[in-house]
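Here are my notes for your first look at this model. Keep the 3D view open as you read.

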Amino acid sequence: MFQFSLIVGALKHPVPNIGAFMFVQEDIITRNNVNVLGRGEQVLLMAHGFGCNQQMWRFLVPYLEGNFKIVLFDYVGSGSSDLGAYSKQKYADLAGYSQDIVDICQALDLNNVVLVGHSVSSIIGLLAAQKIPERIHSQVMVCPSPCFLNFPPEYMGGFNREDLVELIDLMDKNYIGWANYLAPLVTGELEGKVFATELTTSFCTTNPITAKNFAKATFFSDYRHLLPLNQHPVLLLQSEVDALASLFVGNYMLEHTPQSRLEVVSARGHCLHMSHPEQISLIIKDFLRIPVEAGSPDAD
Amino acid sequence: MQTDFSLDDFPVGLVVTNLHSTEVLQASPYFYRLSQQQPLTTSKLGQFFTPASKILLESFVMPMLLHQGHCDEIQLTIDAGSSVRIPVLANARVVSGEPAIVYWAISPSQQRDTLYQQLVDLRNDLEIRAEKLEVLSRTDELTGLLNRRAFIQSAETLIKQAQRSGVAYAFFMLDIDFFKQINDQHGHAFGDQVLKDMAKILTENTRSNDIVARVGGEEFALVTFDQAEHSANFLAEKLLSAIRQQPIQGIMVTASIGCAIASHAPFEQLYKDADALLYQAKHQGRNRALCRLFDGS
């Protein structure tokens with residue numbers, strides 16, 4: 001698919017790096033569709049996982065907005081972000097996504113930030129925390145995995161390479177942005193317009209380029225080496241049964257991440273924050289030493 | 001006339017699951033025939049699908065069911081054992097209650113899958129061709145640098161962005177001295193090699209986010225960002241000395257540079273200013289750089 005990079009490998013300056021500049025605050029807020037809500041000194045920056053957008057936090061937010069300032073956003077390429085700011089090269093790698101988090105923290109001058117990340121965003125958060133450790137308080141990782149691939153016998157991420165190749169193929173068949181996408185290809189207007197013309201309003205990303213790029217960055221990566229470098233307190237939230245992040249993975253995270261604490265929730269599924277929001281909110285408050293009052297959610 | 005019709009005879013797999021546990025509560029005989037499995041006392045929906053489909057179920061279908069209560073036309077693959085894979089199309093709807101229940105309609109979609117595959121192949125092929133053309137249309141064939149058209153396009157975009165962000169930028173025009181004589185004396189093939197070597201020197205002495213292009217016969221253009229006046233001067237001198245230091249194709253080659261630095265001036269203005277400075281540098285005897293700061297006001 002992405003042979004572009006191979007072809008232009010011979011060129012020193014194929015695509016100038018626009019990301020070299022500091023962005024002004026309004027740019028970032030629009031680019032990443034940043035929304036700030038809640039009240040509190042402590043900031044929770046919530047990063048959605050692969051496939052969806054910030055709306056996936058709507059079940060959890062009511063339980064936390066009374067105690068925290070909550071910052072929600074969409075990664076460039078997801079949700080209602082500015083698709084004009086999308087770069088295939090930048091977002092082919094989790095480091096590119098982590099730059100979105102860094103940009104938001106800097107643009108809003110956020111400090112004392114708790115990074116709450118679902119699934120792959122746990123690792124993206126870890127990458128961001130390394131770039132701006134002074135702004136980060138701690139991390140909450142919901143169903144994290146540092147690597148989805150199996151490397152038997154020492155590591156079982158859950159999937160073989162063929163499975164993940166098949167996933168990319170299945171995604172191709174499910175994301176039918178054909179009309180929007182094919183026309184510019186045929187007319188040769190490849191730059192910018194492909195992304196700019198489409199505005200995603202659906203909950204889950206169906207943009208054939210951005211979603212697949214995110215999937216590749218997520219499922220083919222191996223960030224196990226990153227875990228021991230962690231410098232902040234980490235709360236690991238894990239389902240008892242999760243097809244994407246098994247208990248093995250949860251224990252691996254615990255064992256290799258300094259300052260981490262693992263909470264296994266007796267539940268099934270990969271979206272604990274959507275399926276068990278109240279339970280998750282209580283564990284987060286306990287982790288952050290927030291006294292829990294009777295009666296919840298706070299919005300009631 | 002027959003009046004009692006069996007729902008089991010519909011050619012669609014009907015499955016009822018618990019939303020949170022995904023346990024299969026009931027499924028039609030057709031679904032078991034389709035998936036070539038026997039009804040078990042307890043089974044989870046994921047068990048019927050390939051690992052790739054499980055990922056889609058967990059990261060797309062489940063969040064959608066929790067968020068909006070339904071999920072329409074998702075292409076999945078049933079794992080029917082002994083490497084038999086059956087493409088299916090799934091529609092699902094949540095009915096709330098204690099517990100919440102999901103009703104699934106799952107039908108075979110072999111032909112649709114084949115059609116999608118053909119579309120995907122076609123799109124991939126088009127994408128690769130379009131990207132090759134894109135690269136060709138932006139590249140100077142001889143040196144591999146950006147060509148004039150791509151240079152103008154990239155430089156304009158980045159300069160606008162730099163203006164908004166308050167970043168200074170410098171525009172260099174570089175021309176090889178006495179290039180016509182080199183061509184006349186040594187032939188065009190030799191001249192081409194000089195151009196290639198010059199391109200190499202320029203790329204080796206600039207940063208990866210600088211723009212370097214060949215914009216005319218023996219004329220090169222560079223745009224660099226975050227250049228204070230002294231660092232633009234420094235870069236110009238560094239380029240000149242790199243050119244002087246290494247004989248190109250065995251002969252001594254020199255170049256002249258005009259460099260305009262600004263933080264407000266538009267692209268066209270800088271182009272003119274740099275060109276004028278280059279002209280002056282030529283007149284002052286060549287093999288030198290002239291840099292000037294334009295505030296754009």
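1. Start with a term. A polar contact is a pair of N or O atoms within 3.5 Å; within protein, one must be able to donate a hydrogen and the other to accept it. The side chains of Ser119(A) and His270(A) make such a polar contact, at 2.8 Å. Bear in mind that this is a predicted model.

2. Now place the serine. Ser119(A) lies in a loop of chain A, between strand β4 (113–118) and helix α5 (120–131). Is Ser119(A) buried or exposed? Buried means under 20% relative accessible area. Ser119(A) has 6% relative accessibility, so it counts as buried.

3. Look at what surrounds Ser119(A). Beyond its neighbours within four places in sequence, Ser119(A) is in contact with Val142(A), Cys143(A), Pro144(A), Phe148(A) and His270(A). Ser275(A) is 156 residues from Ser119(A) along the chain, yet their C-alpha atoms are separated by 14 Å.

4. Step back to the whole of chain A. It has twelve helices and nine strands. Of its 300 residues, 59% are buried. Among contacts in chain A with a separation of 6 or more, 77% join residues 24 or more positions apart. The accessible surface of chain A is about 11300 Å², and carbon and sulfur atoms account for 54% of that.

5. Turn to chain B. Helix α4 (residues 148–165) packs with helix α8 (residues 267–283) at an angle of about 120 degrees, their axes 10 Å apart. The two helices, α4(B) and α8(B), are therefore oblique to each other. Residues making the contact include Phe151(B) and Ile152(B) of α4(B), and Leu270(B) and Tyr271(B) of α8(B). The contact residues divide into seven nonpolar, three charged and no polar.

Methods: Residues numbered from 1 in each chain as written. Chains lettered and ligands numbered in written order. Predicted model: local features only at pLDDT ≥ 70, side-chain atom pairs only at ≥ 80, totals over all residues. Heavy atoms only, no water. Helix = DSSP H or I, 4+ residues; strand = E, 2+ residues; numbered from the N terminus. Buried < 20%, exposed > 50% of the residue type's maximum accessible area, 1.4 Å probe, protein only. Contact = heavy atoms within 4.5 Å. Areas by Shrake-Rupley, 256 points an atom, 1.4 Å probe, with all protein chains shown as cover. Axes fitted to C-alpha atoms, helices over the stretch in contact; angles between N-to-C directions. Parallel < 35°, antiparallel > 145°, perpendicular 65-115°, else oblique. Nonpolar A, V, L, I, M, F, W, Y, C, P; charged D, E, K, R; others polar.
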